Amino acid sequence: MWNIFPLHPYKKDNSLSNRKPVKKDFLLAQEVIDYFFNTFKFDKIYAIGRVAENKLKQMGLNPMYVRHPSYGGSSEFKETMFSEFGTKKISLVEYYAKRI
């Protein structure tokens, strides 16, 4: 899992806040995003939230939409992730170790 915008966008003067990435953010990160999708192969691409879904579709990809966990979406996000990756909770280390 990797953010469509690879940095943490936050409100001015509050680095612990969250904000929706804007066009300027994506322009800044486009080279990194392109490198990521041109370098790695994926069986399935998940768009966590509508911002990611729209950006991935603009790039010509066909992601599966997953509700973003912020603003009340945590339960739906977890439910979708467990149904996609299995119902047993495992650590990220265990998950990636199985994929190597």
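Is Phe 40 buried, exposed or partly exposed, and at what relative accessibility? Phe 40 counts as partly exposed, at 44% relative accessibility. Buried means under 20% relative accessible area, exposed over 50%, and partly exposed in between, with a 1.4 Å probe and protein chains only.

1. Basis of the note. This is a predicted model, in which local features need pLDDT of at least 70 and side-chain atom pairs count only at pLDDT 80 or more, while totals for chains, interfaces and linings use all residues. Residues are numbered from 1 along each chain as its sequence is written, and side-chain values use heavy atoms, with hydrogens and water left out.

2. Overall layout. The chain has four helices and two strands, and from the N terminus on its elements run α-β-α-β-α-α. Helices (H or I, at least four residues) and strands (E, at least two) are DSSP runs, numbered from the N terminus. Of the 100 residues in the chain, 24% are buried. The chain exposes about 8100 Å², and carbon and sulfur atoms supply 55% of that area. Accessible areas come from the Shrake-Rupley method with a 1.4 Å probe; for residues, only the protein chains shown count as cover.

3. Contacts along the chain. A contact means heavy atoms within 4.5 Å. Among the contacts with a separation of 6 or more, 32% are accounted for by residues 24 or more positions apart.

4. Aromatic pairs. Rings of Phe, Tyr and Trp (its six-membered ring) pair if their centres lie within 6.5 Å; planes under 30 degrees apart count as stacked, over 60 as edge-to-face and the rest as tilted. By this rule there are five aromatic pairs. In one of them, the ring centres of Phe 36 and Phe 40 are 5.5 Å apart and the planes stand at 55 degrees, so the pair is tilted. Phe 36 also pairs with Phe 42, again tilted, at 5.5 Å centre to centre with 35 degrees between the planes. Ring pairs link Phe 36, Phe 37, Phe 40 and Phe 42 into a cluster.

5. Tyr 35 lies in helix 1 (residues 23–39) and is exposed, with a relative accessible area of 53%.

6. Salt bridges. A salt bridge is a side-chain nitrogen of Lys or Arg within 4 Å of a carboxyl oxygen of Asp or Glu. The count comes to four. One of them joins the side chains of Arg 19 and Asp 25, at 2.8 Å from N to O. Arg 19 is partly exposed, at 30%, and Asp 25 is buried, at 9% relative accessibility.

7. Arg 50 forms a salt bridge with Glu 53, with the closest N and O atoms 2.7 Å apart. These two residues are three apart in helix 2, which means about one helical turn between them. Glu 53 also meets Lys 57 in a salt bridge (3.4 Å, N to O); both lie in helix 2, four residues apart, about one turn of the helix. Shared partners join Arg 50, Glu 53 and Lys 57 into one network. Glu 53 is buried, at 9% relative accessibility, while Arg 50 is partly exposed at 48% and Lys 57 is partly exposed at 45%.

8. Surroundings of helix 2. In helix 2 (residues 50–58), Ala 52, Glu 53, Lys 55 and Leu 56 are buried. Their cover includes helix 1, strand 1 (46–48) and strand 2 (64–66). Gly 60 follows helix 2 and has a positive phi, near 85 degrees.

9. A charge over a ring. The charged end of Arg 50 sits over the ring of Tyr 65, 3.5 Å from its centre. The rule asks for NZ of Lys or CZ of Arg within 6 Å of the ring centre and within 35 degrees of the ring normal.

10. Thr 80. This residue is found in helix 3 (residues 74–85) and counts as buried, at 17% relative accessibility. Not counting residues up to four places away in sequence, Thr 80 touches Met 64 and Val 66.
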